[in-house]
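User: Hey, I just got handed this one and I'm new to it. Can you walk me through what's what?

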Amino acid sequence: MQLVYWLLFAVLVVGDQAFKSYVTLNIAPMSVHDFIPGLLSITHITNTGAAWSMLEGKMMFFYLVTIIAVVVLVYLFIKADKKDYLYRFSLIFLLAGTVGNAIDRFTRHFVVDMFNLDFINFPIFNLADTYITIGVILIIGSLIIQLAGEKNNK
């Protein structure tokens, strides 16, 4: 079962990097391409910050936070109960998103973003960001299930 997690991790990171490479090679920076009209477009941008370009250009900060996050996530994964599948999957999604963006930061010195939600004012994001969001949702679900189990055992 351990192998399944690491295969998923590899597929997620490769998928993120492949899509970023496709966008970089095929879509001019700042150009907009409708994907699902009115809902989602592909807009090639580069980002030296976080969401909404917060802390823009603070690359040393992002390098340090990324290294700490990867170490903590790997540690939590290794120490997690082998039967707590949802929690372990959440950590893999968080790790894949962190590593996907880290590859950009360490090799390009910026993150490639491309998904633009056309129906709301929301930062343009990438697959790695989506993985982090999925990881957070899964970890919240895992905590809810764990708390419900503890309540039922009392």
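User: Let's start with helix 1. Which of its residues are buried?
Analyst: Those would be Y5, F9, L12, V13, D16, Q17, K20 and V23. One thing to keep in mind as we go: this is a predicted model.

User: Okay, noted. And what do those buried residues pack against?
Analyst: Quite a list: strand 2 (40-47), helix 2 (59-79), helix 3 (85-107), strand 3 (111-117) and helix 4 (127-152).

User: How far apart are the ends of helix 1, and why does that agree with its length?
Analyst: The end C-alpha atoms are 36 Å apart. Helix 1 covers residues 2-26, and at 1.5 Å a residue its 25 residues should span 36 Å, so the two agree.

User: What share of the chain is buried?
Analyst: Of the 154 residues, 36% are buried. As for contacts, take those between residues at least 6 apart in sequence: 66% of them join residues at least 24 apart.

User: How many bridges join strand 1 to strand 2?
Analyst: Four, and the two strands run antiparallel. Two of the facing pairs there: I36 stands opposite L40 in strand 2, and D34 stands opposite S41.

User: What about the turn between those two?
Analyst: Strand 1 and strand 2 form a hairpin, with three residues between them. G38 sits in that turn and has a positive phi of about 85°.

User: Is strand 2 mostly covered or mostly open?
Analyst: Mostly covered: seven of its eight residues are buried.

User: Switching topics: how do helix 2 and helix 3 sit against each other?
Analyst: They pack at an angle of about 155°, with their axes 10 Å apart. Over 145 degrees counts as roughly antiparallel, so helix 2 is roughly antiparallel to helix 3. The crossing is left-handed.

User: Which residues make that contact?
Analyst: From helix 2, they include M59, F62, Y63, T66, A69, V70 and L73. The helix 3 side includes Y87, L91, L95, T98, V99 and A102.

User: You mentioned T98. Is it buried or exposed, and why?
Analyst: T98, in helix 3, counts as buried because its relative accessibility is 16%, and the cut-off for buried is under 20%. Not counting residues up to four places away in sequence, T98 touches T66, A69, V70, L73 and I132.

User: And M54, where is that?
Analyst: M54 is in the loop between strand 2 and helix 2. With a relative accessible area of 48%, M54 is partly exposed. Leaving aside neighbours within four places in sequence, M54 is in contact with G49 and F62.

User: Last one: helix 4. What can you tell me?
Analyst: Helix 4 has 26 residues and reaches 37 Å from its first C-alpha to its last, close to the 38 Å expected at 1.5 Å a residue. Its buried residues are A128, Y131, G135 and S142.

User: And what do those pack against?
Analyst: The buried residues of helix 4 pack against helix 1 and helix 3.

Technical notes
Residues numbered from 1 in each chain as written. Predicted model: local features only at pLDDT ≥ 70, side-chain atom pairs only at ≥ 80, totals over all residues. Heavy atoms only, no water. Expected span 1.5 Å × (residues − 1). Buried < 20%, exposed > 50% of the residue type's maximum accessible area, 1.4 Å probe, protein only. Contact = heavy atoms within 4.5 Å. Pairing = 2+ DSSP bridges. Axes fitted to C-alpha atoms, helices over the stretch in contact; angles between N-to-C directions. Parallel < 35°, antiparallel > 145°, perpendicular 65-115°, else oblique. Left-handed = near helix turned anticlockwise from the far one by under 90°.
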